[in-house]
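Hello,

Here is the structure I promised you. Please open it beside this email and follow along.

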Amino acid sequence: MELLHVIATILLDTIVVYFSLVVKRQTSERFWSLIRKTFWPFYHYVKPGHSGILSTYLLWAVVGFVAIFLATMVVLG
Amino acid sequence: MIEIPPIMAIILPLFGAFLTPIVAFVSWRFGVRRQVCGWFAVAIIVATFAIVASMIPAVLGEKILVYEFGRSPPLGINLVVDGLSLFMALMIAGIGSLVAIYSITHMQHHTRLDLYYTLLLLIITGMMGVVVTGDIFNLYVFLEITCISAYVLVAFERRWESIEAGIKYMIIGSLGTSFILLGITLTYGTAGSLNIADLMGKFAAVTSGAEPVPLVMVLIPALFVAGFCVKAAIVPFHAWLADAHPAAPSPISALLSGVVVSIGMYGILRVVYMMLGALTIGPILAVLGLVSVLVGVLMAFGQHDFKRMLAYHTISQQGYVLLGVGMGTAIGIQGALFHMLNISIIQALNFMCAGAVLYRAKTRNFDELGGLRKSMPVTAILFLVGAFSISGTPLFNAYASKSAIYAASASQPLYLAIAILADVLTMIFFLRAFRLVFLGTRPRHLLSVKEAPMRMLFPMCILAVLCIVLGVLPRLGFNIVGTAQEAVTNPSNYVGRVLGGV
């Protein structure tokens, strides 16, 4: 099992290294666009700049606390 | 051998912090080189590391060091060094020493270096205090010392971006510490004690399930979890990190991503798991960890800023640690602690590499970088070591720790699948960063770029060697965290030693 894990990881890493570094730029761009397309619905909302607005950050923190509180209530309740 | 009391690990950097302005003044008065402050800070942090290291034999001998002030616990204030405290203290002083050495060259062109090193030593003081205190209120006080120093250091360069990031960090961080303070208030109101060992005994009823849990006993763990998750930058409390870590000076980014976020994780282990005994909320932590793993790695995608991309990976890797902690098994906690150690090494290395690029190329924008392997070959190799390590590649350190976390979550195939997917994405994004910065054609404005100075490469090389050594010898890593894991999973020794046989 351990050996299988090691072999699988090495194989996966080799594929990733091959696509990321070795394949020519045009093919590589095609590879990236596939990822971009797959994650687009998510990516659309979390773009590089983040929301950047402090009130949104605070809202997430408060929502996070309420979610944890409710989940704790369910688990311990 | 002389036994050095644990208080020295706090007093030394604290006095060092207050002496730094005096050292700066004296060195200026006598026309000595500007780097004196930096070397003074290095000496203080290395001495702190030596003090902490001197406690290793005692703690490995299954002894828990207790240092009392005035009355005996639970009434007096005490410092306690068990396996978990020692592990964290070694990590803080070790990474802190390397960051201080790196700072000497990286920060040499900045002004107000006395302030910089004073704050650096205060962060170390605060973190040391958090991990060795045996009192929940003192933990809060030391946490505030750490955080306030960090807020100022993030804004240290006084650019618009860094000031904005510092203010955001301060406001979100204050919300986190408010959650913790409210948790402490309710804890004291409920149990009438602030001593962690004493509280461990009093909160044992929470896990027993013998009686209906009152609402306050639900609110207390929720407040502590939320508060420490803010400090550990767990999604959805993570937003400050992606602004603060890129905006801070690079050595401080390395320290923040390396050890300061781990303090939040320490809080979860010490307070939520050990003090409250709230192991039943493990699944909540595991889900939070998993969300952080996925959101962190996906948000790293498409970043144009080198350090911002690394910052999102800090969130993702903290998620792995929380996933291991949330699984609650011995292997899960062992994997989480080992991964915490690995991430402190790897992210310190990665941010130092980004700092070296920024130092020489004067930009951290991927669009303006490229082809630096020719001018910065050592930095390129060191970054590649960091990239392979963080992606959990065999023969690099995070492989063993992630494997342990995967083994712990094997009972939940969905968790396992998401964690492995995030691992592959991490590899992809790091190789993309490597390609954008170090491969391709070197732009005209980077033709004169040289390799990073030796004094910056030295700590980076040490970290890279640690990545490989812990990767080749994973058993060594598991042995290092073994005592800490034992302390977490068996808190009765802690209670017995502090309260004297209770």
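B:R432 is buried, because 22 other C-beta atoms lie within 10 Å. The cut-offs are these: a residue is buried with 20 or more other C-beta atoms within 10 Å of its own, exposed with 12 or fewer, and partly exposed in between, with C-beta atoms placed from the backbone. B:R432 sits in helix α18 of chain B.

Some ground rules. This is a predicted model: local features need pLDDT of at least 70, side-chain atom pairs count only at pLDDT 80 or more, and totals for chains, interfaces and linings use all residues. Residues are numbered from 1 along each chain as its sequence is written, while chains are lettered from A and ligands numbered from 1 in the order in which they are written. Helices (H or I, at least four residues) and strands (E, at least two) are DSSP runs, numbered from the N terminus.

Helix pairs in chain B

Helix α18 (residues 413-438) of chain B has a partner, helix α14 (residues 306-327) of chain B. Their axes come within 11 Å and cross at roughly 160°. Axes here are lines fitted to C-alpha atoms, for helices over the stretch in contact, and angles run from 0 to 180 degrees between N-to-C directions. α14(B) and α18(B) are therefore roughly antiparallel to each other. The classes are: under 35 degrees roughly parallel, over 145 roughly antiparallel, 65 to 115 roughly perpendicular, and the rest oblique. The crossing of α14(B) and α18(B) is left-handed. That term applies if the near helix is turned anticlockwise from the far one by less than a right angle; clockwise is right-handed.

Which residues of α14(B) and α18(B) make the contact? From α14(B), they include B:F306, B:M309 and B:Y320. From α18(B), they include B:Y415, B:T426 and B:F429. Two residues are in contact if their C-beta atoms, placed from the backbone, lie within 7 Å. By class, this contact of α14(B) with α18(B) has ten nonpolar, three polar and no charged residues. Ala, Val, Leu, Ile, Met, Phe, Trp, Tyr, Cys and Pro count as nonpolar, Asp, Glu, Lys and Arg as charged, and the others, Gly among them, as polar.

Now look at α6(B) and helix α12 (residues 250-275) of chain B. They pack at an angle of about 160°, with their axes 12 Å apart. α6(B) and α12(B) are therefore roughly antiparallel. Their crossing is left-handed. Among the contact residues are B:I136 and B:V154 of α6(B), and B:I252 and B:V271 of α12(B). The contact of α6(B) with α12(B) divides into nine nonpolar, one polar and no charged residues.

The core

The largest nonpolar core has 216 residues. Such a core is a set of buried Ala, Val, Leu, Ile, Met, Phe, Trp, Tyr and Cys residues joined through C-beta atoms within 7 Å. B:I92, B:V154 and B:L349 have the most contacts inside it. Helix α15 (residues 330-361) of chain B gives the largest share of this core, 20 residues. Leaving aside neighbours within four places in sequence, B:I92 touches B:I124, B:M127, B:M128, B:V131 and B:V259.

Loops

B:A155 lies in the loop between α6 (136-154) and α7 (160-191) of chain B. Buried or exposed? B:A155 counts as buried, because it has 21 C-beta neighbours inside 10 Å. B:R158 is in the loop between α6 and α7 of chain B. B:R158 is exposed, with 10 other C-beta atoms within 10 Å. It has a positive phi of about 55° although it is not a glycine. A cis peptide bond joins B:V235 and B:P236, with omega about 10°.

Chain A

Chain A has four helices and zero strands. Buried residues make up 12% of its 77 residues. The contact between the chains takes 33 residues from chain A and 38 residues from chain B. On the chain A side, α4(A) supplies the largest share, 15 residues. That side has 24 nonpolar, seven polar and two charged residues.

Best wishes
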